[in-house]
Amino acid sequence: MPRILVNCHGGRVVGPPINPPQFLVPAGVSIHFYIVDGGILPNNNGWNILNHRLQRLPGNPAGITTIGPNLMCQDYYGVPYAALGVANGIQLEVAGRRGIPYFDTILAAGGGQNWANPAANTVQTQRVVLPAVQGGAPYARSVVSLSNIANCPGITDVDWISCREHW
């Protein structure tokens, strides 16, 4: 504890450079993925996983892949995905009253296809130009990177309840 739940559309850029960006998972942090690299997580599956995590239900679904501390991990971008509704974004587990933790939204979708401002001292957003999708032109997007999320102060687990699409 604490965990960060990432619920958005996600992916990574493939192609040049030949070696896609990777990062070293910080000591004490594990990253859990729920779809294979290159896959699109169906909304219903994502909602079920997120619901289990948010409600702290027994029998939480296990990740398909977990990358532990001090190992290399592909760096994915998370982009706002309005179809996910109010849960679109990043929730941080925080200590509640009487020792009962709860999840607080630290980043949510803003206007258009942009992230709103994140909570102070948590994650950072950035603008990047992503490659063309389905024959379109490259476009600038507001993103948050998995490497930045994994380095959020004090966390132990990142649940990437998001796509791992290749762009």
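This report walks through the cores, a sheet, the salt bridges and a few single residues of one structure.

## Ground rules

The model is predicted, so local features need pLDDT of at least 70, side-chain atom pairs count only at pLDDT 80 or more, and totals for chains, interfaces and linings use all residues. Residues are numbered from 1 along each chain as its sequence is written, and side-chain values use heavy atoms, with hydrogens and water left out.

## Two nonpolar cores

Let's start inside. A nonpolar core is a set of buried Ala, Val, Leu, Ile, Met, Phe, Trp, Tyr and Cys residues joined through side-chain atoms within 4.5 Å. "Buried" means under 20% relative accessible area, "exposed" means over 50%, and "partly exposed" is in between (1.4 Å probe, protein chains only). The largest core here has 25 residues, and Ile4, Ile31, Ile90, Leu146 and Ile149 have the most contacts inside it. Two or more residues come from each of β1 (3-7), β4 (30-33), β8 (89-94), β9 (102-108), α2 (146-150) and β12 (157-160). The top contributor is α2, with three residues.

Skipping residues up to four places away in sequence, Ile31 touches Phe23, Val25, Thr65, Thr66, Ile67, Cys73, Leu146, Ala150 and Val158, where contact means heavy atoms within 4.5 Å. There is also another core, apart from the largest one, with ten residues, including Ile35, Leu41, Ile49 and Cys163.

## An open sheet

Next up is an open sheet of five strands, in the order β10-β11-β7-β2-β13 and with mixed pairing. Two strands pair if DSSP finds at least two bridges between them. In general, strands of a sheet pair through backbone hydrogen bonds, either parallel or antiparallel.

At the edges stand β10 (126-130) and β13 (165-166); each has a single partner strand, so one side of each is left without a neighbour in the sheet. The partner of β13 is β2 (residues 9-12): the two run parallel and are joined by two bridges.

## Three salt bridges

Side chains of opposite charge can pair when their charged atoms come close. A salt bridge here is a side-chain nitrogen of Lys or Arg within 4 Å of a carboxyl oxygen of Asp or Glu, and the whole structure has three of them. In one, Arg3 meets Asp159, with the closest N and O atoms 2.6 Å apart. Arg3 sits in β1 and Asp159 in β12, so this pair ties together parts that are 156 residues apart in sequence. Asp159 also forms a salt bridge with Arg53, where the closest N and O atoms are 3.0 Å apart. That pair links helix α1, which holds Arg53, with strand β12, which holds Asp159, across 106 residues. Arg53 counts as buried at 9% relative accessibility, and Asp159 does too, at 0%.

The remaining pair is Arg12 and Asp37, at 2.7 Å from N to O. Arg12 is in strand β2 and Asp37 in the loop between β4 and α1 (43-55), so the pair ties together parts that are 25 residues apart in sequence. Arg12 is buried at 8% relative accessibility, while Asp37 is partly exposed at 33%.

## A buried Asp75

What about a charged residue with no salt bridge? Asp75 is one: it is buried, and the nearest side chain of opposite charge, Arg12, is 9.5 Å away.

Asp75 lies in the loop between β6 (72-74) and β7 (77-79). Its side chain does make a polar contact of 2.8 Å with the side chain of Ser147. A polar contact is a pair of N or O atoms within 3.5 Å; within protein, one must be able to donate a hydrogen and the other to accept it, and residues adjacent in sequence count only if both atoms are side-chain atoms.

## Two residues with positive phi

Most residues other than glycine have a negative phi. Arg98, in the loop between β8 and β9, has a positive phi near 60° and is exposed at 81% relative accessibility. Asn121 has a positive phi near 60° as well; Asn121 lies in the loop between β9 and β10 and is exposed, with a relative accessible area of 71%.

Terms used
Helices (H or I, at least four residues) and strands (E, at least two) are DSSP runs, numbered from the N terminus. Lys and Arg count as positive and Asp and Glu as negative; His and the chain ends are not counted.
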